[in-house]
Structure formats: C-alpha cells, structure tokens
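These are my notebook entries on a single chain, written while I had the sequence and the model open side by side.

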Amino acid sequence: MMFKTAAKEHALEEAPKESCGIVVDDIYYPCNNISDTPKDNFAIHPKDFLKARSKGKLQYIVHSHPEGGDASEPDRKACKATKIQWYVYLLPKDIWQIINP
C-alpha cells in the first residue's frame with residue numbers, strides 16, 4: 001500500500017482542509033478539493049477525476065479528516081454510490097479507516 005505515504009503527505013500539506021485523491025494501480029493522484037466547506041467536506045475536481053481515470057481503473061478514493069473523527073454517514077453513503085473502497089486518514093490519530101461500498 002505504497003499510496004498511503006503520498007496520501008498522508010498530501011493530507012498534512014492541505015490541513016486544516018480535507019485532502020482528497022484517487023488511487024490507480026497503487027499510485028496516489030492528489031486532487032483539488034473544490035468543496036464550498038473544505039474543512040468539513042471534500043469534492044474532487046472533475047478534471048482531476050478524469051485525469052486519474054485516464055491512468056487506469058480506479059482502486060480507491062482517499063480523503064483526510066484533519067480534526068479526526070470517524071468516517072461520517074455521508075462518507076459511507078458516497079462510498080456506496082462509487083462502488084469502490086475508500087480510505088480515510090485521521091490526522092490526529094495517524095490512522096487509516098477503510099470504508100467498503
């Protein structure tokens with residue numbers, strides 16, 4: 001799971017905003033968070049999504065929770081809608097949570 005190092009670095013750079021990215025072939029592609037409330041939510045820029053998609057099959061959606069807190073119900077619903085596994089990095093605890101669709 002080599003992507004975790006790159007995703008963690010991205011999360012630390014983006015804090016206090018939520019970072020977001022996409023994993024394709026175990027490579028993390030950082031994305032721009034275009035949410036109107038980036039400290040509490042994330043929205044992947046469509047151009048970033050298309051760029052990652054052009055690299056191959058999407059494996060995971062990744063985002064951070066800079067202030068901690070478990071994956072939210074909206075996270076779980078969105079994961080289910082995407083039909084792929086999500087990884088959530090909890091900065092204060094330095095741990096990963098996995099959400100399955």
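Entry 1, aromatic pairs. I counted seven aromatic pairs, taking rings of Phe, Tyr and Trp (its six-membered ring) as paired if their centres lie within 6.5 Å, and calling planes under 30 degrees apart stacked, over 60 edge-to-face and the rest tilted. I looked up Phe3 and Tyr87, whose rings form an edge-to-face pair at 5.2 Å centre to centre with 80° between the planes. Because Phe3 belongs to helix 1 and Tyr87 to strand 4, this pair ties together parts that are 84 residues apart in sequence; helices (H or I, at least four residues) and strands (E, at least two) are DSSP runs, numbered from the N terminus.

I then turned to Phe3 and Trp96, which form an edge-to-face pair with 6.4 Å centre to centre and 75° between the planes. Trp96 lies in strand 5 and Phe3 in helix 1, so here the parts tied together are 93 residues apart in sequence.

Phe3 is buried at 1% and Tyr87 is buried at 3%, whereas Trp96, at 22%, is partly exposed. I also noted that Phe3, Tyr60, Tyr87, Tyr89 and Trp96 form one aromatic cluster.

I am reading a predicted model, in which local features need pLDDT of at least 70 and side-chain atom pairs count only at pLDDT 80 or more, while totals for chains, interfaces and linings use all residues. Residues are numbered from 1 along each chain as its sequence is written, and side-chain values use heavy atoms, with hydrogens and water left out.

Which residues of helix 1 are buried? They are Phe3, Ala7, His10 and Ala11, and because they cover an arc of only 100° around the axis, they sit on the same side of helix 1; the arc is that of the directions from the helix axis to the C-beta atoms. The face turned away from that buried side carries Thr5, Leu12 and Glu13, which are exposed. I listed what covers the buried residues of helix 1, and the list includes strand 1 (20-24), strand 2, strand 3 (58-65), strand 4 (85-90) and strand 5 (95-99).

Two strands are taken as paired if DSSP finds at least two bridges between them. Strand 1 pairs with strand 3 in the antiparallel sense over five bridges, and Gly21 has Val62 in strand 3 as its bridge partner. Strand 3 and strand 4 run parallel and are joined by six bridges; the bridge partner of His63 is Val88 in strand 4, and Ser64 stands opposite Tyr89 in strand 4.

Is Ser35 buried or exposed? Ser35 counts as buried, at 15% relative accessibility, while His45 is partly exposed, at 25%. The C-alpha atoms of His45 and Ser35, ten residues apart along the chain, are separated by 8.8 Å.

I recorded contacts (heavy atoms within 4.5 Å) leaving aside neighbours within four places in sequence: Ser35 is in contact with Asn41, Phe42 and Ala43, and His45 with Asn32 and Ile34. A polar atom of the Ser35 side chain lies 3.0 Å from the backbone nitrogen of Thr37, and a polar atom of the His45 side chain lies 3.0 Å from the backbone nitrogen of Lys47.

Key
Buried < 20%, exposed > 50% of the residue type's maximum accessible area, 1.4 Å probe, protein only. Polar contact = N/O pair within 3.5 Å; in protein donor to acceptor, adjacent residues only side chain to side chain.
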